[in-house]
Amino acid sequence: MKFPYLFATRAVLRFQQSPFLLPVPALWTHPRSAALSTRLCKDDRSYYITTPIFYVNASPHLGHLYSAVLADCLHRYKLLQGFNSKFATGTDEHGLKIQQAAEAAGKDPMTFCTDVSKQFRHLFDSCNISYTDYIRTTEQRHHEAVEHFWSVLWNKGLIYKGSYEGWYSTQDESFLMPSQVGDALDSLGKEIKVSLESGHKVEWMKEENYMFRLSAFQSPLLDWLRGNPQVVQPDRFHQVVLKWLQEDLPDLSVSRQRSRLQWGIPVPGDDEQTIYVWVDALVNYLTVAGYPDKHNQWWHVARHVIGKDILKFHAIYWPAFLLGAGLPLPRVIHVHSHWTVGGKKMSKSLGNVVNPLDRSQIFTADGMRYFLLRQGVPDSDCDYTDNKVAKLLNAELADSLGGLLNRCTAPALNPAQVYPSFCSQSFPREQGGRAVGEDYLMLDAVKNLPAVVEKHYETMHVYKALEAINACVRLTNGFVQRHAPWKLDRKDSEDQRWLDTIIHISLECLRIYGTLLQPVVPETSNKLLSRLGVQPHERSSTALNFLPRYQGMDCPFEGRALGSDCGVLFSRLENQNADKQKPMKTKKSANFK
Ligand code: MSP
């Protein structure tokens, strides 16, 4: 895929005052010290993950939910591992486009922001996004953090009064190089200039404002990226950032004239200027961590989940600001690609915006979470259709996983409704019992599954984790099918022991799948684990010891009563041709023997 948003070789910046007249801050002598310090605390159980904060100029769409679900999944996974995890999300409420959107809605900006911010919060609550902090950039705590951050940069001589002349996209709140701008026609057929990356209109801007000495950070940033090859993931985005940094890196305008932009935080000591919305927005991550006084516990373990469109802001501007302020850099920037609809970017004018709240009411919160994480590939864009959602959920959650649970807990096979016993004569460690070669392969696959899943969760390749879990669910279904326990003679004690063993193994498999799926589908996993009789304190990653009886150890579940039957695990979606956006009917999952 091409990345059109490369830096041009020529900046359109004209400085009125040379930045080189200012003292060079001490950090130049050891630019990597902040980054290196992040690696020292190996045993630290603190974890801090963020989503981008969402612009409130329009209602939430599917892409926003995707950013949030990815971060939520990592947060929940870390909690399972026993980490003390902080998870921040929220809304980005300042800037010209918000000011204009409020005007267009005929509301004062604060009321407008509150209304839309509530919509995001409602969506996230409905989809079980378990944030521990919801920040709004209009809050006082944030105002104070931004003012402090600005003053630190100013005191270090990294901000100077200059003038900016160049292209600006209000929609993207971004400055562009001439090479990033192209010609287009607006809806009235008038010639306009647009950003080649986003397609949004750009305007020529000429203003007195404050500049950040970004150019001086080119080589420290290159050192940081080269010294930390995993810092921007997936690697293809790391390479994109390296490429940008090898080109021109002009200083950055970090304020706007107050006469043009009133909806923002004034520059400390200069009421004629408003702080650039991206400086304001990025500092939210510090605000939540407790900046300026109490951020130490969290700040050195920060990781950001972002969409590819805001990579430059997070992987160049933000680390440069942080280096400037003498703060540690993020541990990882997890980048994801975009959701398209009909192969096109979602946009109001195309009428193809997918409302995630509607979709989560139709497909359930877990259904949407599962779909987004199973189909979303961080490396490349994915196309959304309702039909794909229905097919996937029916196949994997309703039929495969739900069917397996149904089979193994059906009163016909398990009249006592207990976790039955494992018989090592029926399934010995060496061949000789009633198990066949494929059964041993299945046990190996499930035993290795937690490590496979952990690796993929860590790198935010959740779709690979789900692929691996789903492959194991298929193997377990194959195991049950192969041995057809419903054909065994319950009156024959050997048959009965073998039947119990088949069910014991299958329930053990389900316990592992339910535990590993908690970060993705928390409600469904809870239902599954409760049905198996697994208590809340038995659901962490320390409980991922699969089939201890096969290893000759005790199994705490053996002989325990199953939890009560709470119906089908995940209801099938009847209408597979759902792209007309009609609500779907659900029906009970197919009943297996
Ligand atoms: N406010 C800034 C972020 C500031 S963070 C300090 C912003 N907001 S946004 O609302 O436009 O986007 C928020 C997130 O949604 C970004 O990660 C963006 O990539 C993501 N998405 C927006 N459209 C998307 C898709 N179509 N698909 C997937 N994610 C997309 O940028």
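Which residues in H14 meet which residues in H16? The exercises below work through this and related points.

This is a predicted model, where local features need pLDDT of at least 70, side-chain atom pairs count only at pLDDT 80 or more, and totals for chains, interfaces and linings use all residues. Residues are numbered from 1 along each chain as its sequence is written, and side-chain values use heavy atoms, with hydrogens and water left out.

**Exercise 1. Describe the packing of H14 on H16.**

Step 1. Locate the helices. H14 spans residues 386-409 and H16 spans residues 462-483. Helices (H or I, at least four residues) and strands (E, at least two) are DSSP runs, numbered from the N terminus.

Step 2. List the contacts (heavy atoms within 4.5 Å). From H14 come Glu-396, Ser-400, Leu-401, Leu-404 and Arg-407. They meet Asn-470, Val-473, Arg-474, Thr-476, Asn-477, Val-480 and Gln-481 in H16.

Step 3. Sort by class. The contact of H14 with H16 has four nonpolar, five polar and three charged residues. Ala, Val, Leu, Ile, Met, Phe, Trp, Tyr, Cys and Pro count as nonpolar, Asp, Glu, Lys and Arg as charged, and the others, Gly among them, as polar.

Step 4. Take the geometry. The axes of H14 and H16 come within 10 Å and cross at roughly 40 degrees. That makes H14 oblique to H16. Axes are lines fitted to C-alpha atoms, for helices over the stretch in contact, and angles run from 0 to 180 degrees between N-to-C directions. Angles under 35 degrees count as roughly parallel, over 145 as roughly antiparallel, 65 to 115 as roughly perpendicular and the rest as oblique.

**Exercise 2. Find polar contacts of the ligand (pairs of N or O atoms within 3.5 Å).**

Step 1. Start with Asp-92. One of its polar side-chain atoms lies 2.7 Å from a ligand nitrogen.

Step 2. Turn to Gly-63. A polar backbone atom of Gly-63 is 3.3 Å from a nitrogen atom of the ligand.

Step 3. Check His-338. An N or O atom in the His-338 side chain is 3.4 Å from a ligand oxygen.

Notes:
A polar contact is a pair of N or O atoms within 3.5 Å; within protein, one must be able to donate a hydrogen and the other to accept it, and residues adjacent in sequence count only if both atoms are side-chain atoms.
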